[in-house]
Amino acid sequence: MRIPLLPWFFLTPFYYFSLFHIIVVSGQCPSDQQSLLLQLKNSLKFNPANSTKLVKWNSVSDYCSWEGVSCKGGCVTHLDLSSESIRGGLDNSSALFSLQYIENLNLAYNNFTTQIPSKFNKLASLSYLNLSNAGFAGQIPIEISQLTRLVILDLSILYFPGTPSLKLEHPNLNLLIGNLSKITELHLDGVNISAQGTQWCQAISSSLPNLRVLSLSTCSLSGPIHNSLLELQSLSEIRLESNNLSTPVPDFLSNFTNLTSLRLANSGLYGTFPNKIFQVPTLRIIDLIGNQELQGSLLDFPMNGALRSLLLARTNFSGLLPESIGHLKMLSRVDLSYCNFTGPIPKSMASLTQLVYVDMSANKFNGSVALLSMARNLTDINLSYNELEGQINSTHWENLTNLVNLNLGTNKLNGSIPLSLFSLPLLQKLQLPNNQFSGQLLEFANISSNLLDTLDLSSNNLEGPVPRSIFNLRRLKILTLSSNNFSGSFPLNSVLQLRNLSSLDLSYNSLLLSYNTNSSQSSFPQITTLKLASGKLTTFPDFLRSQSKLRILDLSQNQIHGEIPNWIWKLRSLNQLNLSFNSLVTLEGPLSNLTSNLSVLDLHSNQLQGQIPNFPSFATYLDYSRNNFSSSIPTNIGDFLVVTVFLSLSSNKIDGGIPESICNASYLQVLDLSNNSLGGSIPQCLTAISGSLVVLNLRRNGLSGFIPEGFPGQCSLKTLDFNENQLEGQFPKSLANCRELEVLNLGNNQITDTYPCLLKNISTLRVLVLRSNRFYRHIGCPNSTGNWPMLQIVDIAHNNFSGQIPGHCLKTWRAMMGNGDDTQSMINHLQFQVLKFSDVYYQDALTVTTKGLEMELIKILTVFTSIDISCNNFSGSIPEQVGELKALYGLNMSNNALTGTIPVALGNLRQLESLDLSNNSLSGSIPPKLTTLTFLSFLNLSHNQLVGSIPIGNQFSTFGPTSFEGNKGLCGVPLRVKCSSTSDSPDAASKVNNNNNKESGTGFDWQSIYTGLGFGVGAGVVAILLLLWEEGRNWMDDSIDKILLVILPMMGFSYRTRHEWDDDDGEEDSEDDSMYFTEDFDQDANESEDKEFQGPFCVFCSKLDMSRKSAIHNPNCTCHLSPPISSSSSSSSSLSS
């Protein structure tokens, strides 16, 4: 069918008119825009005083010119109500959702405290939506996914545990962003997404192809980082901090050619960081802070690299910092703190002119301080806790006019402190503690306008008077000069000029502190921390009465005597009080109804007497030790220990029993009641509270009865000390529950039991003392290799242990086997940190017997090792495995029944200082290798059966005769008994031992047999000839006479020949007839020797006994049983074979 063209011709003008009308109408907005904005303002709850936008909206002015409002053609397209302190009033009925032309909406940094309204889908034109930190919480509505024009979406929040947060569950991340393909920036920081690595990576890469910024920090994401992200080639910023990724860093991150920012801090990363990521030429920011298991090193940086922020703090990066860091000309922020970098700080850093912030603290950098004077914008330098040395010159700092914070503490810096530091106009914090700065701190120019608020010069070697110009630093808040050699008088009234001062520490100098009581107390600045320890104070400074803000007061180690004033308990803000090491005697009364809020109270080492004072109700640390308190412990003590962590009443004169109410202290970690006169039994409940108790010390009291069972399954005890009481019964079996036990001291009691094998699985045990009890049977545990790798002190002396010493048991004590050179670098002592983030420690003490003396170790060094098994009934030989304990300092095996020889392997104990093997039945010679023990200062080998010559050299030349007495076969210095022949030498003895060893073998030493046979045959032939041939016999006697007449006078002896003997007129006593020569010597000494020498004795016809300095000769040469030989009668008779 044909359609006529004419009607369409007439309709054409009408069509264009209609189209024009539609376009014109669409370019206009409804007239309700202003009224909608005013309705929105009236519905919102905000504080007008904090508002800069809403408060100015009114009906008089043009709404398009209002603060936070932008329009196009009369339509509101941009609305910014950020930071308006809005507290609520936004729901689905809000007029906001009628402003349908809005393209850009910003409600960030408010406090709506509600869920995100679902009506946001009405704002279909939105391309930018920012609801960050607006106080919204709960599930993100699915309606957000309908805003398909969105380019930037920001729903991030600052998440704090325990506060409401946004979450993505239904919908999840995939549903939320599935239709938002135009998004280039996605910010969901703090939103709880809780997705696995593959899920969130694939959801983002498949839905957001144009993504440039991905920010998902603190979203409860897990790893791994999936390679599907490689599809996002426009990606330039990746922010995934504070998630639990627990994954290595993938190499493919270096393939993002547009990458400018990589932030992966605190995400549980591990493995080795790919070094080629540092080579990405566009990379500006890399933040890996807090990934403590992430390893890596810094190799060469590219020339003219774009890197501006290098943040690696608290990772395991190590190695040298390369000189190529100087290539990073744009570098402004460097944080390498708490890593393991070593070596010098590169000199090329001097060319980094854009530096603003440098923190390289807590590494092992050495050499001199880096010269950074060209970085004129530098505000912060922290090089503390390194090994830097040398001096710091004035020229280092003069150009750093923008420097705000300088921290060079805990290094090895020396020389004087440059005064130019005090001239830096913007410097606020100057911290140089724990160095070796010396000399006087000179007066510096009048700089009353200086901004310095913190000055810490503590723990150096500064001397002379404290410069008065310090008191011109009028903005000073913290002044710490402790632990130096400052001297002279220091009038505390000088502090009056520092009106802003809040913390003052002058402790441990040679200052003479004084205070003029004529000054007004109210004019003294309100200080919060005052430490005046070791300041020669004799009284309490009077200005303290008015210190209403004082929180910490330390007056320890002064000369304050008399009473503690009552007003000190009335300082309402006082939280920590240390009055230890003074001469205080009493407390001024009354002590009832005091309102003290003390948390830490230290009164130890005074002369306080009488009853134990009331305990502060909320104290966490109480130390009343080393005083003269003489009352009993209050029965209701537990009512005052509600939050107490540390309680020490040790070294007083406290009697009575331990009240059971002390078990109500459920937070107690350290309880020390040692060195008192407490009696009765140990409360049953006391071992039961060891779920929280870490140290329980009841040493040196009069406690009796049994050690209670009931140590809980979650026992936290590290130290248990019941030494020197009257406890009896068996070893508590439940003590095996204390898997963290380090020190166990049950010595000097009456406990009757076997070796405590039940503790074999406590791998943390360091000290085991069972001394002076009634333990019996063998030591070591059957069917177990032992499990005490950290054991360093063993004292089981004075018990009834028996059997052999198990060598396999000794090999499990690995702490005693360490290399001595290595352990020196790790010297520490056993201690327990009572309060975390504080310097309050409990130090273990121990009494040990070493070098023949009883010593009190007030600190137990972790390198001190000792074994004392003396005064038991051990038998058998000393195991060779002892020689593997190369870190051993003391070894005492005396007063047992040990046999065999002294192991040569003892010469391997190069750290040994004390060795006691006395009163055993050890035989053989003293190994010459023992002379190589150059640290040996005590040796006792007395009363054994040792033979041969005493080795000479090194420490052995310092030991007296008492170290070797009671060994009848020993000779040589320092004994008076001289060795008679080389047979007594150590070499000869070692040959004898070797021969014995060969004889004990299964084979035959034919060479020795043939040699012996040859000598035997030869001797037999000679003997027969001498018996049958009288002329030959006379010739031999004459020859011997001639030889002895030449040799013996040269040695100081007189000699009579056989013929002179025959011509003797017989006037001498018949007992003297048997002696051919004599010498004057100490007769008493010989008598004492000879009394021990009796029994069968056979000699040749002539015998030179060098040890007795006498010669025995009998021409008849008859052998029979001999009586005891004395120095006045040397019988020649012996038992012939």
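This is a predicted model: local features need pLDDT of at least 70, side-chain atom pairs count only at pLDDT 80 or more; totals for chains, interfaces and linings use all residues.

Residues are numbered from 1 along each chain as its sequence is written, and side-chain values use heavy atoms, with hydrogens and water left out.

Start with the count. A salt bridge here is a side-chain nitrogen of Lys or Arg within 4 Å of a carboxyl oxygen of Asp or Glu. By that rule there are 11 salt bridges.

One of them pairs Asp80 with Lys53, at 3.4 Å from N to O. Asp80 sits in strand E3 (residues 75-80), while Lys53 sits in the loop between strand E1 (45-46) and strand E2 (69-72), so the bridge ties together parts that are 27 residues apart in sequence. Strands (E, at least two residues) are DSSP runs, numbered from the N terminus.

How exposed are the two partners? Accessibility is sorted by relative accessible area: buried is under 20%, exposed is over 50%, and partly exposed lies in between (1.4 Å probe, protein chains only). Asp80 is partly exposed at 28%. Lys53 is buried at 12%.

Stay with Lys53. Which residues are in contact with Lys53, leaving aside its neighbours within four places in sequence? Contact means heavy atoms within 4.5 Å. The answer is Glu67, Gly68, Asp80, Leu81, Ser82 and Glu84.

Now move along the chain. The side chains of Arg239 and Glu241 form a salt bridge at 3.0 Å, N to O. Arg239 is partly exposed, with a relative accessible area of 37%. Glu241 is buried at 9%.

Next comes the pair Arg545 and Asp542. Their side chains meet in a salt bridge, with N to O at 3.0 Å. Arg545 is partly exposed at 46%. Asp542 is partly exposed as well, at 25%. Elsewhere, salt bridges that share partners join Arg771, Asp795 and Asp868 into one network.

To recap, Lys53 is buried in the loop between E1 and E2, and its side chain meets that of Asp80 in a salt bridge.

Notes
Helices (H or I, at least four residues) and strands (E, at least two) are DSSP runs, numbered from the N terminus.
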